[in-house]
Amino acid sequence: MRLLFFAGSAREGSHNKKLARLGQMIAEANGIEAVFADLCDYHMPIYHGDLEDAEGVPERAQAFKALLGEYDGVMIVTPEYNSGIPALLKNTLDWVSRVRTEPNVFQTRVFAVSGTSPGYYGAMRALLQLRQVLTVGLGATVIPQQMALPGAMKAFAEDGSLVDETRQKMFADVVEALAVAARKFGA
């Protein structure tokens, strides 16, 4: 079984990238093969139907869909921009959904969502929107467990773990739930 972790942020010092990498570290510490992917390596133009008609689906969208297809479970970690998911993440999901090769990665993998923000809600509103896009828009199976981590600026220790041990355990539980669901989903 293999898990993929990525964040819907391009910023180098992104707290959401830190959280996604922490998920990868937790999975690996539990003997699960896990990879972190950076959306900066998958640059795509803003989705536009006329562009798709003229040039087809961008190569990087095809490559990202292929990457998703290599893993049994996927955790998407998102920041919250104006109470929603960032354009980078939505654009990535939109383009990948336009790759018309089998299998449909959204319907043949299990997903988890989590996120962090400096504010009190910890990306909770973005998680609601992301869950809706994945389940309703793309037909994905998304596990109910998630982490909405507030206070991102002070949440991480030097080693990449969470300062608050209770939150560290909660996030580890989300990673474990994704692994369990991915194992059952693929069986």
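The legends below describe an overview and several close-up views of a predicted protein model.

**Figure 1. Overview of the predicted model.**
The protein contains 7 helices and 5 strands. Followed along the sequence, these elements occur in the pattern β-α-β-α-α-β-α-β-α-β-α-α. The C-alpha atoms occupy a box of roughly 50 × 40 × 25 Å along the principal axes. A compact globule of 187 residues would have a radius of gyration near 16 Å, and the value for this protein is 16 Å, which agrees. Of the 187 residues, 49% are buried. Among contacts between residues at least 6 apart in sequence, 75% join residues at least 24 apart.

**Figure 2. Surface and charge.**
The protein exposes about 9,200 Å², and carbon and sulfur atoms supply 52% of this area. There are 18 positive and 21 negative side chains in the protein. The centres of these two sets lie 5 Å apart. Side chains of opposite charge can pair when their charged atoms come close.

**Figure 3. The salt bridge between Glu 33 and Arg 2.**
Glu 33 forms a salt bridge with Arg 2, and their closest N and O atoms are 3.0 Å apart. Glu 33 belongs to strand β2 (residues 33-37) and Arg 2 to strand β1 (residues 2-7), so the pair ties together parts that are 31 residues apart in sequence. Glu 33 is partly exposed, with a relative accessible area of 42%. Arg 2 also counts as partly exposed, at 25% relative accessibility.

**Figure 4. The salt bridge between Arg 98 and Glu 52.**
The side chains of Arg 98 and Glu 52 meet in a salt bridge, with 3.0 Å from N to O. Arg 98 is in the loop between α4 (87-97) and β4 (110-116), and Glu 52 is in helix α2 (residues 49-55), so this pair ties together parts that are 46 residues apart in sequence.

Lys 169 forms a salt bridge with Asp 173, and the closest N and O atoms are 2.6 Å apart. Both residues lie in helix α7 (residues 165-186). They are 4 residues apart, about one turn of the helix. Asp 173 is partly exposed, with a relative accessible area of 32%.

**Figure 5. The buried residues of helix α4.**
Which residues of α4 are buried? They are Leu 89, Asn 91, Thr 92, Leu 93, Trp 95 and Val 96. The elements that cover these buried residues include the strands β1 and β3 (73-78). Helices α2, α3 (59-69) and α5 (124-137) are also among the covering elements.

**Figure 6. The surroundings of Ala 126.**
Ala 126 lies in helix α5. At 0% relative accessibility, this residue counts as buried. Leaving aside residues up to four places away in sequence, Ala 126 touches Thr 78, Pro 79, Glu 80, Ser 83, Gly 84 and Ile 85. Ala 126 and Ala 61 are 65 residues apart in sequence, and their C-alpha atoms are 22 Å apart in space.

**Figure 7. Backbone details in two loops.**
Most residues other than glycine have a negative phi, and most peptide bonds are trans. In the loop between β3 and α4 lies Asn 82, whose phi is near 50°, a positive value in a residue other than glycine. Asn 82 is exposed, with a relative accessible area of 80%. Ser 83 is placed in the loop between β3 and α4, and its phi is near 70°, again positive in a residue other than glycine. Ser 83 is partly exposed, at a relative accessible area of 41%. The peptide bond from Glu 102 to Pro 103 is cis, with omega near 0°. Pro 103 lies in the loop between α4 and β4.

**Figure 8. The loop position of Gly 31.**
Gly 31 is found in the loop between α1 (15-29) and β2. At 69% relative accessibility, Gly 31 counts as exposed. The C-alpha atoms of Gly 31 and Glu 12 are separated by 28 Å, and the two residues are 19 apart along the chain.

Terms used:
Residues are numbered from 1 along each chain as its sequence is written. Side-chain values use heavy atoms; hydrogens and water are left out. A salt bridge is a side-chain nitrogen of Lys or Arg within 4 Å of a carboxyl oxygen of Asp or Glu. Buried means under 20% relative accessible area, exposed over 50%, partly exposed in between (1.4 Å probe, protein chains only). The radius of gyration is taken over C-alpha atoms; the globule rule is 2.2 Å times the number of residues to the power 0.38. Contact means heavy atoms within 4.5 Å. Accessible areas come from the Shrake-Rupley method with a 1.4 Å probe; for residues, only the protein chains shown count as cover. Lys and Arg count as positive and Asp and Glu as negative; His and the chain ends are not counted. The place of a charge is taken as NZ of Lys, CZ of Arg, CG of Asp or CD of Glu.
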